[in-house]
Amino acid sequence: MLIKVTTDELRPEEAIAAVASPAAGAIDLFLGVVRDNNLGRRVGYLVYEAYPSMAEKVMAEIAEEAKATFGLEECAVLHRTGRLEIGETSLLIAISSGHRASAFDGGRWLVDTIKKKVPVWKKEVWEDGEAWIEGPESMGMQQAPAGLRG
Amino acid sequence: MAYNRPVTVTVLLFASIAEAAGARRIEIASAPGETVADVRERLLTERPALRRFIPTLMYALNEEYVRDDAVVPDGATLALIPPVSGG
């Protein structure tokens with residue numbers, strides 16, 4: 001399984017190669033990319049910060065769970081940190097599976113769960129200021145799903 | 001006995017709370033048997049300005065999410081995790 005937090009540019013070919021399997025009839029690829037606007041504000045660039053060792057551990061746990069739940073062949077999950085410009089890829093996921101339905105379903109679940117649980121943060125930088133985004137999708141902002149809130 | 005020795009905890013801070021603290025890593029001396037909430041109170045005694053971050057924080061002990069009633073072992077790394085926003 002390819003799991004990585006890195007400051008390097010994310011390359012889809014690397015993720016696709018990592019999930020190649022003779023048993024796979026489908027490979028699903030997801031790229032999270034930096035958008036130039038959020039909630040009506042123009043975004044100049046983003047800065048991502050991670051707790052890298054824990055982020056990789058949580059990403060691996062989520063990928064294992066996705067494989068078991070959706071019967072996937074392989075998963076690759078890569079998250080980039082540091083300064084990212086508009087259009088650059090921040091999150092790269094590839095999934096291989098026997099058939100397309102489980103690849104799409106597993107991929108959707110994987111992205112959603114990563115956004116809730118992996119210790120990574122983004123800061124938006126605008127022309128006239130900046131702010132850390134405290135994700136509305138984070139489990140820290142929701143009803144404690146696993147009873148993890150104190 | 002070891003029970004009387006102080007327990008050293010390394011507290012890691014990230015994103016908004018790290019910026020507010022001006023630090024990413026703070027060593028805290030606590031006592032055996034103390035919980036995440038106890039260590040958090042010790043930190044807030046030193047740095048009361050961080051209290052506003054508490055309502056939305058999650059906690060990880062040695063890279064595993066825990067509740068704030070988890071006991072902190074000696075030498076543990078306690079991460080204060082603001083709401084995540086990766087992806």
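Predicted model: local features only at pLDDT ≥ 70, side-chain atom pairs only at ≥ 80, totals over all residues.
**Entry 1: salt bridges, whole structure**

I searched the whole structure and got 19 salt bridges over all chains. The rule I used takes a side-chain nitrogen of Lys or Arg within 4 Å of a carboxyl oxygen of Asp or Glu.

Residues are numbered from 1 along each chain as its sequence is written, chains are lettered from A and ligands numbered from 1 in the order in which they are written, and side-chain values use heavy atoms, with hydrogens and water left out.

**Entry 2: confidence in chain A**

I checked pLDDT, the predictor's confidence in each residue, from 0 to 100. Chain A has a mean of 93, and 93% of its residues reach 70 or more.

**Entry 3: salt bridges inside chain A**

My terms: buried is under 20% relative accessible area, exposed is over 50%, and partly exposed is in between (1.4 Å probe, protein chains only).

- A:R11 and A:E13 form a salt bridge with their closest N and O atoms 3.0 Å apart. A:R11 is partly exposed at 41% relative accessibility, and A:E13 is partly exposed at 48%.
- A:R83 and A:E85 meet at 2.6 Å, N to O. A:R83 is partly exposed with 47% relative accessible area, and A:E85 is partly exposed with 32%.
- A:K67 and A:E74 have their closest N and O atoms 3.4 Å apart. Are these two buried or exposed? Both A:E74 and A:K67 are buried.

**Entry 4: the sheet in chain A**

I went through the strands and helices next; these are DSSP runs numbered from the N terminus, helices being H or I with at least four residues and strands E with at least two. Two strands pair if DSSP finds at least two bridges between them.

Chain A has an open sheet of four strands in the order β1-β6-β8-β2, with mixed pairing. The edges are β1 (2-6) and β2 (26-33), each with a single partner strand, so one side of each has no neighbour in the sheet. On average, neighbouring strands are turned by 5° against each other, direction ignored. β1(A) and β6 (residues 74-80) of chain A pair in the parallel sense over five bridges, and A:V5 stands opposite A:H79 in β6(A).

Then the helices. I took axes as lines fitted to C-alpha atoms, for helices over the stretch in contact, with angles from 0 to 180 degrees between N-to-C directions. Helix α1 (residues 12-19) of chain A lies across β1, β2, β6 and β8 (89-97) of that chain, at about 155° to β6(A). Helix α3 (residues 100-117) of chain A lies across β2, β6 and β8 of chain A and runs at about 145° to β8(A).

**Entry 5: the sheet in chain B**

Five strands of chain B form an open sheet with mixed pairing, ordered β2-β1-β5-β3-β4. Which strands stand at the edges? They are β2 (25-30) and β4 of chain B; each has a single partner strand, so one side of each is left without a neighbour in the sheet. Neighbouring strands here are turned by 35° against each other on average, direction ignored.

β3(B) and β4(B) pair in the antiparallel sense over three bridges. B:L61 has B:E64 in β4(B) as its bridge partner. I was curious to see chain A turn up here: its helix α2 (residues 52-70) packs on this sheet, touching β3, β4 and β5 (77-81) of chain B, and its direction makes about 90° with that of β4(B).

**Entry 6: the loop between β3 and β4**

Most residues other than glycine have a negative phi. In chain B, the loop between β3 (58-61) and β4 (64-66) holds B:N62, whose phi is positive, near 45°. B:N62 is partly exposed at 38% relative accessibility. B:E63 lies in that loop too, with a positive phi of about 75° though not a glycine.

**Entry 7: where the chains meet**

The contact takes 34 residues from chain A and 27 residues from chain B. About 2,600 Å² is buried between the two chains, with carbon and sulfur atoms giving 55%; buried area is the accessible area (1.4 Å probe) that two parts lose on being put together, summed over both.

The rule finds four salt bridges across this interface. I also noted the salt bridge between the side chains of B:E64 and A:K57, at 3.9 Å, N to O.

Conventions
Contact = heavy atoms within 4.5 Å.
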